[in-house]
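Colleague: I'm new to this one. Can you walk me through it?

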Amino acid sequence: MSTLILPSLMCADQLHLYDEVNALLDAGADMIHIDVMDGEFVPNIQIGTEVVSAIKKEFDIPLDYHLMIQAPHRKLDYFPIGPGDIVSVHYETTPHPARAAAHIRDKGAKALLALNPATPLSVIENVTECFDGVLIMTVNPGYSGQMLIPGCIDKIRNAKELLPDNCIIEADGNVSFENAKKMAEAGANALVCGSSSLFSGKFDYKTSIKKLRNL
Ligand code: DX5
Ligand code: ZN
């Protein structure tokens with residue numbers, strides 16, 4: 001499986017999302033990463049259900065949902081989740097992560113367990129078959145522009161060893177061109193690209209995606 005390049009929409013120009021999604025797809029992005037934030041699990045509030053539904057309706061593309069919301073097991077039906085989508089729910093937000101994963105799979109989508117930096121990988125070891133992979137937060141969730149927590153690279157490496165080869169190992173946070181190489185070498189096969197690379201303003205989207213693919 002080649003590494004998925006997943007632009008983080010919260011880092012795009014919020015006044016021109018239609019143009020941004022078009023430009024990112026034209027530049028070769030694999031899926032758009034949608035950071036949904038409820039102001040409870042994380043202090044920030046981002047990308048609501050209406051915006052997501054409008055994107056789905058207009059572009060009819062698979063989306064990479066990152067649900068940073070409390071009790072996601074009760075709110076999955078708020079979103080237009082369907083075949084081809086990837087949905088990450090945070091271990092820290094529900095007593096029923098495996099049940100949430102089953103609900104996501106019932107909709108035809110892939111279910112990832114998202115882990116905050118301080119959450120050990122061991123929380124998934126008894127339920128790996130309930131998930132299609134993990135989203136490993138390499139920064140504290142909630143904001144773009146934060147710095148990598150170096151110990152999280154080891155968590156990527158350990159996830160690669162623990163999980164079946166066909167699993168998605170998504171790295172999310174400070175995926176700079178330098179860090180992307182380390183994350184991919186450690187075993188990440190999906191990279192969430194935000195202000196540290198794709199939206200850094202240093203290169204256009206096409207050039208940035210090419211650089212990330214050639215790492
Ligand atoms: C943070 C989000 C990330 C973030 C990435 O909670 O999950 O997707 O937008 O942005 P950078 O690359 O700036 O860390
Ligand atoms: Zn994210």
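Modeller: We'll go through the metal site, the ligand, the cysteines and one lysine. Keep in mind that this is a predicted model.

Colleague: Metal first. Which residues coordinate the zinc ion (ligand 2)?

Modeller: Four residues do: His 33 through NE2, Asp 35 through OD, His 66 through ND1 and Asp 172 through OD. The distances run from 2.1 to 2.3 Å.

Colleague: And what is the geometry of the site of the zinc ion (ligand 2)?

Modeller: Octahedral, with six donor atoms. The angles among them span 67 to 173 degrees.

Colleague: What would the ideal angles be for six octahedral donors?

Modeller: They would be 90 or 180 degrees.

Colleague: What spacing do the donors of the zinc ion (ligand 2) follow along the chain?

Modeller: The pattern is H-x1-D-x30-H-x105-D. One pair links distant parts of the chain: His 33 sits in strand E2 (residues 32-38), and Asp 172 sits in strand E8 (residues 168-172). They are 139 residues apart.

Colleague: Are His 33 and Asp 172 buried or exposed?

Modeller: His 33 is buried, and Asp 172 is buried too.

Colleague: On to the other ligand. How many residues surround ligand 1?

Modeller: There are 21 of them. The closest are Asp 35, Gly 142, Gly 145, Asn 174 and Ser 195. Asp 35 is also one of the zinc-coordinating residues.

Colleague: What about polar contacts? How far is the side chain of Asp 35 from an oxygen atom of ligand 1?

Modeller: An N or O atom of the Asp 35 side chain lies 2.7 Å from a ligand 1 oxygen. For Ser 8, a polar side-chain atom is 2.9 Å from an oxygen of ligand 1. Gly 194 contributes a polar backbone atom, 3.4 Å from an oxygen of ligand 1.

Colleague: How much of ligand 1 does the protein bury?

Modeller: The protein buries 100% of the 380 Å² that ligand 1 exposes when taken alone.

Colleague: New topic. How many disulfides are there?

Modeller: Zero, by the distance rule. Cys 11 is in none, and its nearest cysteine sulfur, in Cys 193, is 9.8 Å away.

Colleague: Last one. Where is Lys 181 found?

Modeller: In helix H5 (residues 177-186). Lys 181 is partly exposed, with a relative accessible area of 41%. Its C-alpha atom is separated by 31 Å from that of Asp 38, 143 residues apart along the chain.

Technical notes:
Residues are numbered from 1 along each chain as its sequence is written. Chains are lettered from A and ligands numbered from 1 in the order in which they are written. This is a predicted model: local features need pLDDT of at least 70, side-chain atom pairs count only at pLDDT 80 or more; totals for chains, interfaces and linings use all residues. Side-chain values use heavy atoms; hydrogens and water are left out. Donors are N, O and S atoms within 2.8 Å of the metal (3.2 Å for Na, K and Ca); water is not among the atoms, so sites may look incomplete. Four donors count as tetrahedral if all angles lie between 85 and 135 degrees; four count as square planar and six as octahedral if opposite donors are over 155 degrees apart and all others between 65 and 115; anything else is irregular. Helices (H or I, at least four residues) and strands (E, at least two) are DSSP runs, numbered from the N terminus. Buried means under 20% relative accessible area, exposed over 50%, partly exposed in between (1.4 Å probe, protein chains only). A residue is near a molecule or strand if one of its heavy atoms lies within 4 Å of it. A polar contact is a pair of N or O atoms within 3.5 Å; within protein, one must be able to donate a hydrogen and the other to accept it, and residues adjacent in sequence count only if both atoms are side-chain atoms. Accessible areas come from the Shrake-Rupley method with a 1.4 Å probe; for residues, only the protein chains shown count as cover. A disulfide is a pair of cysteine sulfur atoms within 2.5 Å.
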